[in-house]
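Here is a short note for a colleague who will be working with these coordinates. Please read it beside the model.

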Amino acid sequence: MPDQRVVEPEYLLLEAPREKKFITGSQAFAEAVKRANVDIAIAYPITPQSETMHLVGDLYAQGYVKDYYRAEEEYGAMSAIAGAVRGGARAFTATSGPGLLRGLEAIVSWPGHRIPVVLGVMTRVVNAPLSIQPDNIEISYLLNAGLVVLHAENQQDVFDFTLAGFVISEKVDVYLPVVVATEGFFVTHAKGYVQMPSEDMKLPPRDPYKAPVPPTDCEIPPARIQRDAPVQKSNFMSYLIHAVWQQEVWSANRRAMKWIYKYLGGPVEVVNPDAEVFIVASGCAAAQGREAQRYAEQEGLPVGLVKVKSLRPFPEKEVREALKNAKAVIVPEHNIVGWLAKEVKSVIPNSGIVIDGPRVYGGMTLPVELIMEEIYKALGIKKEKKTVV
Amino acid sequence: MKRYNIRIAGVGGQGVVTSAHILGNAMSAAGKYATLVPFFGSEKRMAPVEAYVRVSDQPIYEVGEVVYPNVIMIYHPQVITHGKSYTMPFYTGLKENGLILINSDADIIPDEDKKVLEDLNARIYMIPATQIARDIAGTELATNMAMVGLFFGITRLVGLEHIEKALYERFLGGTFVASGGTTALDSAIEKKFKKKQELLAKNMEVIKYTMKLAEENGWVEEEEKKVAT
């Protein structure tokens, strides 16, 4: 392990020279953790997450991470993470599908407890019949908890979102957990080019006193509201305290937006803003959408892409603005419920232009050809289909 | 933009996945782009195996298995004759003007399938890759190399030196440390290294042969005849 010097987050994230490496998504998570001055990592293995936390375990062995252990299961892992972070540590953990749902009770309590942490989510089918493939329905379970939720398209996003995630989560006006979700296997086990700053630099250590909720202080919320009578009883004060606290969590969530602008170039990326038909997508559906947009452009079709990087806070204004002249909106997704399509419909005045799909589920591939079909349909182009399927 | 979305179908033990890595590494060595999808299943000898590779001179964004290939490579005749394939018929999803490379010493495509493939304007090239591997490398295990040679012989996407670099990376990369260890260890490593070098040389011979075969038969793709994107 090289001696790592502490540099300012702005320098590490935005200015430091970067070198191109060909690595998997799991490696990209670990490379971000390596540069994040992480105190402790706790996890319980599950496919396809195991590789990432194995690599983070290697970082512990090499000295990049100060402490590391395997928890008894996910509920234990996520609870221990909360304890470590409340004690002042910077922490990282990751999980997948069923593991995420097992840890969910603890995870959704993090925002209320104001736990700044980064949680990697490598998507995997959650419902029966059992499968290890990358359906991403689990992300919908995370959208209403107050967590900041970023969705990575590729290995580069995984690296950038994770490293920036630590910085954003610890901002005093945010102070919330940041989820970095990406598709299992498609991103975690596949290799892509990632531009990274040198590994001899790291973020400054966490300063637990730079916080709206000082650590281990039981006289200040949320510790106090947990301990004291008002919230333990069903009376008007308890309702009020809880209500105010929820408002504060969601305000903090919205305040993360300015840091997403600063460190990640904004919550959306718009390709070909003057288009008539838009693909709106997040995660690796955005990669498929990007490919479809390129093919459409080669055919001279007016198609654009809106990649949503941040699901919470959701870029309401930005999506509305990008789609203001759109005639049709295609939302490709890796799940059966279409949670992103619902989000998009909820923020534009003319939700009828949103085409529900194409969707694949059970973790199967989302062929670019399915998106192309929707593009042709939206533009009224008839294509003779000869392919035998 | 030249883009080949390749589906390779063979049977366990033929080195389907290994050759996918070599295709990808050769593209990377030539400064071009490739992505490959590892398929997670319980592959075993003679059971169906598939691998997917995308190669291009431009960055590749899409991920996942190739459902609509424009190149299909069949490493074992049983993929067609015994239906040893994840996708039936073997050309499922093939795009128009596609390319099919088959290892077989006899014409094994049923007439009704031929008609469909004709309608799709598919170009089909068949070579006895296993026989070639046996004759030149002395082992059936080089069948995959014959197929790699045929693909690059037709498409001319990379030079021979790039393929050689890819083979070197696959078979010798990271295993030979000339400076390390005791003399005894050195000689053991060298012996192993020599064996691997011989293997590499034989593989290269097979690749050169099938590349030449493509040229002699006039199968080399002209720019304007390149496969559809």
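Predicted model: local features only at pLDDT ≥ 70, side-chain atom pairs only at ≥ 80, totals over all residues.

1. Please read every value below as computed from it.

2. Domains of chain A. The domain assignment puts domain 1 of chain A at 5-202. Domain 2 of chain A covers 268-378. Taken over C-alpha atoms, their centres are 26 Å apart.

3. Contact between the domains. Domain 1 of chain A brings 23 residues to this contact, and domain 2 of chain A brings 20. On the domain 1 side, β7 (148-151) and β8 (178-183) of chain A each supply at least two residues. What is the make-up of the side of domain 1 of chain A that touches domain 2 of chain A, in nonpolar, polar and charged residues? It divides into 13 nonpolar, 7 polar and 3 charged.

4. A sheet in chain A. An open sheet is built from 5 strands of chain A, with mixed pairing. Their order is β11-β13-β12-β15-β16. Which strands are at the edges? They are β11 (268-271) and β16 (354-355) of chain A, and each pairs on one side only.

5. One strand pair in detail. Within chain A, β12 (residues 277-281) pairs with β15 (residues 328-330). The sense is parallel, and the pairing runs over 3 bridges. Opposite Val277(A) stands Ala328(A) in β15(A).

6. A helix across the strands. Helix α11 (residues 284-298) of chain A lies across β11, β12 and β13 (303-308) of chain A. The angle between α11 and β13(A) is about 165°.

7. Chain B, layout. Chain B holds 7 helices and 6 strands. Read from the N terminus, the order of its elements is β-α-β-β-β-α-β-α-β-α-α-α-α.

8. Chain B, packing. Of the 229 residues in chain B, 43% are buried. Now take the contacts in chain B between residues at least 6 apart in sequence. Among these, 77% join residues at least 24 apart.

9. Chain B against chain A. How many residues of each chain are in contact with the other? Chain B contributes 20 residues and chain A contributes 18. From chain B, β2 (33-37) and α3 (111-119) each supply at least two residues of the side that touches chain A. The residues on that side of chain B divide into 10 nonpolar, 5 polar and 5 charged.

Note on methods. Residues numbered from 1 in each chain as written. Chains lettered and ligands numbered in written order. Pairing = 2+ DSSP bridges. Helix = DSSP H or I, 4+ residues; strand = E, 2+ residues; numbered from the N terminus. Contact = placed C-beta atoms within 7 Å. Axes fitted to C-alpha atoms, helices over the stretch in contact; angles between N-to-C directions. Buried ≥ 20, exposed ≤ 12 C-beta atoms within 10 Å, placed from the backbone. Domains from an automatic or database assignment. Nonpolar A, V, L, I, M, F, W, Y, C, P; charged D, E, K, R; others polar.
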